[in-house]
2 protein chains.
Amino acid sequence: MGISEEVTRKILDHAAKINYTPNQLAQSLRTGKTNIIVFMVEDISNHFFAKLARIIEVIAYEKGYKVIFCSNENDDKKTVELIHLFRDRKVDGYIIIPSAGVKEEISLLRDSKIPLVLFDRYFPDLDTNYVIIDNRNAAYKATRHVTENGFRNIGFVTIDVQQTQMQDRMKGYLEAMEEKGLEPHMLLLPYRSYKTPEGRKAIAAFFQQNSALDAVFFSTNYLTLTGLSVIKENDPEKLRELGIITFDDNDFFSIQTPSISAVAQPLEAIGTRLMEIMLELLGEKGEKEAPQETHQVILEASLEVRESTRAR
Amino acid sequence: MGISEEVTRKILDHAAKINYTPNQLAQSLRTGKTNIIVFMVEDISNHFFAKLARIIEVIAYEKGYKVIFCSNENDDKKTVELIHLFRDRKVDGYIIIPSAGVKEEISLLRDSKIPLVLFDRYFPDLDTNYVIIDNRNAAYKATRHVTENGFRNIGFVTIDVQQTQMQDRMKGYLEAMEEKGLEPHMLLLPYRSYKTPEGRKAIAAFFQQNSALDAVFFSTNYLTLTGLSVIKENDPEKLRELGIITFDDNDFFSIQTPSISAVAQPLEAIGTRLMEIMLELLGEKGEKEAPQETHQVILEASLEVRESTRAR
DNA sequence: GTGAAAGCGCTAACAG
DNA sequence: CTGTTAGCGCTTTCAC
């Protein structure tokens, strides 16, 4: 057509307001696609979640998706609020660590056909996509490792919640102890108490009352921090004598003296699988409604053996 | 009016589709307000940034704003891309750690009158809002503290970048050393090398070539981690002999043996001030265009003295 | 093939 | 003070 002149003018126009960029908001309103994925964790400042967030972020950006991180503080009300909030913003997908009481809301979200993947924990009687690790086996292997290195009185410090991942860790510990005919010693702290003086007192009391303990297994990274801090405060020598193992690895454990043995969750694998599933779900949406199966991935954690559990 | 019947029906309608919620996308398109604030840092998985992110998130949610976190990897290209991306999404405000070469882009963003606050570092010749700490003085005080406890050959391990915060830390160190008539020993590593074998080698070589060093000052948290790891690998005994101090505190430093002295940035204060400024800017927008002044906040860091720098 | 028109879901301005 | 209408900036459809 003979509109080359017009075209030229248009191009010039463009060059003039060189910094034209389409309004993504309008685009999203029209297309129903925001290219945003929500990544909801307990606490974004927790090392484990922050590392994972970074991995997710990198993969998502590669594929043209942006990630919104948020912390639900393991609180049902906040979790539901956040889900509603993002639903109203029409985000394309959800990666969520659910708090214990949001099964209904998660069920609703799943039914709405918006891509959804849970991780870290799940609802056994709800058919959703999820990526978790085999917590029971990881805790079992860790406990066995400690017993095999000659420790006999192994304490287990955990938090008193009904979440699957914590329950499974406890099961693994108990199973290994029973198998060896050893008596378990458990401290169940209320959630959130780990950063309070009461939590510290409870941990101190636990060690005092169980003075025969020769090793301790902390079930999550923040308990390890508090636990080690309490021990160091009350009885610094004990840090070298006690066998110590913990769930969730951290770079700082390697440079401790003694360095701390840990169950390391496979961060890269978790992040990669989460995004694989998410991207598949996102891609599928447009296609014909196949009776899509849910993806349920269980990964194995690895045991990082260090000085704190060496045979004495 | 006599539309009570209609009203009733409407209410019933509402009750029927009980889960009606306004489409935020359309609302934002119409009003030009998204209630989203961007929080752009170097790396969200870095402890310092993750903690700060959490503080910002809490304040923002209280005020009805959501936060999008992202990592610019200290890369100019990625920073610019991210800014464009969010500009097209019409976010309401930006809190940014700028990489070194984005002065122009930051200048443009500032001129567009969208609320903007920088932090951690700034551009000396660009009049923007920012919140930083007094890095020079913090490093000066830390170095002085080490010299006052009898250390003489104090090494300074840092990264070779032109960012104000790193330059200032170096200045503080040099100033304190000069004042005491001590000879400085510096290792300038290329950015990003801290996680490579080359970086580790360079650090090992530094300690080998400067065998008279009796103390070391790491200029940022990730260097401390790598540095301590290298020392532990090559000469574990040295960890107890060497005076050690580091920029950026971490809970794990307290439980180390010996515990590690650190310059602690005031996280709460930084987060609070950033959001105070941001909220003020957000509120102001609608009001009459007062010749608003920029806010330039310089906070003091505190010195956490622990075992690693005690007098020998 | 190109160009005009309709409409995503909301809010602001306007008329009754 | 209520009810209608225009339009935010885009994409998709439809007519040509």
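This is a predicted model: local features need pLDDT of at least 70, side-chain atom pairs count only at pLDDT 80 or more; totals for chains, interfaces and linings use all residues.
The secondary structure of chain A comprises 12 helices and 12 strands. Along the principal axes, the C-alpha atoms of this chain occupy a box of roughly 90 × 40 × 30 Å. Chain A contains 312 residues, of which 43% count as buried.

The domain assignment divides chain A into domain 1 (5-132 + 268-299) and domain 2 (135-265 + 303-309). The centres of these two domains, taken over C-alpha atoms, are separated by 34 Å. The contact between them involves 11 residues of domain 1 of chain A and 11 residues of domain 2 of chain A. On the side of domain 1 that touches domain 2, the residues comprise 6 nonpolar, 3 polar and 2 charged.

Chains A and B meet in a contact that takes 37 residues from chain A and 37 residues from chain B. On the side of chain A, at least two residues each are supplied by α2, α3 (47-62), β2 (66-71), α4 (76-88), α9 (221-234) and α11 (251-255). By class, this side of chain A holds 16 nonpolar, 11 polar and 10 charged residues. Chain A is superposed on chain B by a rotation of 180 degrees with 0.0 Å of shift along its axis, at an RMSD of 0.0 Å. This is the relation of a two-fold axis. Of the interface residues of chain A, 100% are also interface residues in chain B, so the copies meet through the same surface.

The most is given by α2(B), with 5 residues. The surface near DNA strand C divides into 6 nonpolar, 3 polar and 2 charged residues. DNA strand D is likewise surrounded by 11 residues, and the closest are A:P22, A:N23, A:A26, A:R30 and B:R30. Here too, α2 of chain A and α2 of chain B each supply at least two residues, but the largest share, 5 residues, comes from α2(A). The class composition near DNA strand D is 6 nonpolar, 3 polar and 2 charged residues.

The largest nonpolar core has 86 residues, and those with the most contacts inside it are A:F39, A:I95, B:F39 and B:I95. Beyond residues up to four places away in sequence, A:I95 touches A:I37, A:V38, A:F39, A:M40, A:I56, A:V117, A:F119, A:L274 and A:M278. Another core, of 82 residues, lies apart from the largest one and includes A:I231, B:Y140, B:F218 and B:L225.

Local backbone geometry was considered next. Most residues other than glycine have a negative phi, and most peptide bonds are trans. In chain A, the peptide bond joining A:T257 and A:P258 is cis, with omega about -5 degrees. A:P258 is placed in the loop between α11 and β10 (261-264) of chain A. In chain B, the bond from B:T257 to B:P258 is also cis, with omega near -5 degrees, and B:P258 is found in the loop between α11 (251-255) and β10 (261-264) of that chain.

A:N74, although not a glycine, has a positive phi of about 60 degrees. This residue is placed in the loop between β2 and α4 of chain A and is partly exposed, with 19 other C-beta atoms within 10 Å. For B:N74, phi is near 60 degrees, again a positive value in a residue other than glycine. B:N74 lies in the loop between β2 (66-71) and α4 (76-88) of chain B, where the residue is partly exposed, with 19 other C-beta atoms within 10 Å.

A further loop residue, B:L213, is placed between α8 (197-209) and β8 (215-218) of chain B. B:L213 is partly exposed, with 18 other C-beta atoms within 10 Å. Leaving aside neighbours within four places in sequence, B:L213 is in contact with B:N153, B:G155, B:H185 and B:F207. The C-alpha atoms of B:L213 and B:G243 are separated by 9.0 Å, although the two residues are 30 residues apart along the chain.

Key
Residues are numbered from 1 along each chain as its sequence is written. Chains are lettered from A and ligands numbered from 1 in the order in which they are written. Helices (H or I, at least four residues) and strands (E, at least two) are DSSP runs, numbered from the N terminus. Ala, Val, Leu, Ile, Met, Phe, Trp, Tyr, Cys and Pro count as nonpolar, Asp, Glu, Lys and Arg as charged, and the others, Gly among them, as polar. Domain bounds come from an automatic or database domain assignment. Two residues are in contact if their C-beta atoms, placed from the backbone, lie within 7 Å. Copies are superposed by least squares on the C-alpha atoms of residues with pLDDT of at least 70 in both. A residue is buried if 20 or more other C-beta atoms lie within 10 Å of its own, exposed if 12 or fewer, and partly exposed in between; C-beta atoms are placed from the backbone. A residue is near a molecule or strand if its C-beta atom, placed from the backbone, lies within 6 Å of it. A nonpolar core is a set of buried Ala, Val, Leu, Ile, Met, Phe, Trp, Tyr and Cys residues joined through C-beta atoms within 7 Å.
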